[in-house]
Structure formats: C-alpha cells, structure tokens
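Here are a few notes to go with your first look at this one. Have the model open while you read.

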Amino acid sequence: MVYDNIVLIGFMGSGKTTVGKVLSRYLYKEFVDVDSVVQEQQESSVADIFKENGEEHFRELEQICMNEIGKKKGQVISTGGGLPIYGSLPDKSLVIYIDADFDVILKRLPQRERDKRPLLQDEARARALFNERIGRYRELAHLSVDANQSVSTFIHVIRDFVLDKRVL
Ligand code: S3P
C-alpha cells in the first residue's frame, strides 16, 4: 500500500498539532492543521464559529476543508478531534492515533487552551465524549501511540513506523 498523507487523529488536547509539527520536520513533509485552515478561511475562531453558527455548520466546514487538503499528497495532517467521528478522512491516509488519557489531557491543558474548545467546557460531558470516541479512534488507526508522556519520548515510535511504510 502506498499512502498519500499521514493523518493524526485523537481527542481534543491530546497533542496532535504539537506531534504533527515535530513529525513533519523529521520527515521533511509539509504540516497542515485542519482547524487552523478552517479558522483562516473563515477569519473566525472555532469557538466563535460554534457560537455563531453552531456545531453542525462547523462540521461541514471542517469536512470541506479536509477534502481540499486531501487532494494534495505528502503532508502530515493534524485533524480536529471530531473530524474522524462525524466525517471522513481522505483515502489512502496513514492514520495515527495520538492516544492520551482524558485525565492527562485535562491536567496538561492550560486554561487558555480549554477556552478555545467549546466541547471541553463541561467536564462530565467531555469525559463521556472521550469514552464514546476512543473505540472509533482505535479502529481507524494504523498505529495507536501512547501519548501520556512528552512528545520527545514517543515521537521516534511514530517516525520509525512511518519510515517503514511508503508515504508519498
Ligand atoms: C473538536 C476538536 C477541536 C475542534 C473543535 C471540535 C472535537 O480540535 O475541531 O473544538 O469535536 O473534538 P482539537 O482536537 O484540535 O482540539
């Protein structure tokens, strides 16, 4: 199998963007963050899009954006946590699940990062969402990596896995 792109999935705040930036440097590939592209295109933050137009509208925007990004090859793509749940990933994606525990995520996420995420505001609901989603993340992933430690401790696991595959 030849893969077009590397796609990072996982719950909000699990570190997909940080991992993606480091990984793209290791692999000399372009890094793209789907949420950042949505925000640039809309000239609005995710929180404001949720507030003004609702979650459903945001889901449409992120899927359109993912489809556009997926037309190119050779990228490391970081997705929003809901994208692989409510939408679909481009064909021929090498999918990596950044697997951090809910309590670890909460502990290491500063308040300003929590504030950016509408679905993290209610802790009990966010925990339930996490529990609902993990099965799907694991199912989709070609590699699930334990991301409860700092990125430097597990980045080589991802790098070695990817280098073993053919990604354009
Ligand atoms: C969401 C995750 C967020 C963002 C939006 C919804 C989700 O991205 O897309 O707040 O449903 O999990 P991160 O995973 O980068 O936080």
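How far does a polar side-chain atom of Arg117 lie from an oxygen atom of the ligand?

1. That distance for Arg117 is 2.5 Å. For Arg59, a polar side-chain atom is 2.7 Å from a ligand oxygen atom, and for Asp35 the value is 2.8 Å. A polar contact here is a pair of N or O atoms within 3.5 Å. On its own the ligand exposes 390 Å², and the protein buries 96% of that (Shrake-Rupley areas, 1.4 Å probe).

2. A word on the source: this is a predicted model, where local features need pLDDT of at least 70 and side-chain atom pairs count only at pLDDT 80 or more, while totals for chains, interfaces and linings use all residues. Residues are numbered from 1 along each chain as its sequence is written, and side-chain values use heavy atoms, with hydrogens and water left out.

3. Now look around the ligand. There are 14 residues around it, and Lys16, Asp35, Arg59, Arg117 and Arg133 come nearest (a residue is near if one of its heavy atoms lies within 4 Å).

4. On to the rings: you'll find 5 aromatic pairs. Rings of Phe, Tyr and Trp (its six-membered ring) pair if their centres lie within 6.5 Å; planes under 30 degrees apart are stacked, over 60 edge-to-face, the rest tilted. Phe50 and Phe58 have ring centres 5.2 Å apart and planes at 45 degrees, so they make a tilted pair. Both Phe50 and Phe58 are buried (under 20% relative accessible area, 1.4 Å probe, protein chains only).

5. Check the cluster too: ring pairs join Phe11, Phe102 and Phe130.

Note on methods: Buried < 20%, exposed > 50% of the residue type's maximum accessible area, 1.4 Å probe, protein only. Polar contact = N/O pair within 3.5 Å; in protein donor to acceptor, adjacent residues only side chain to side chain.
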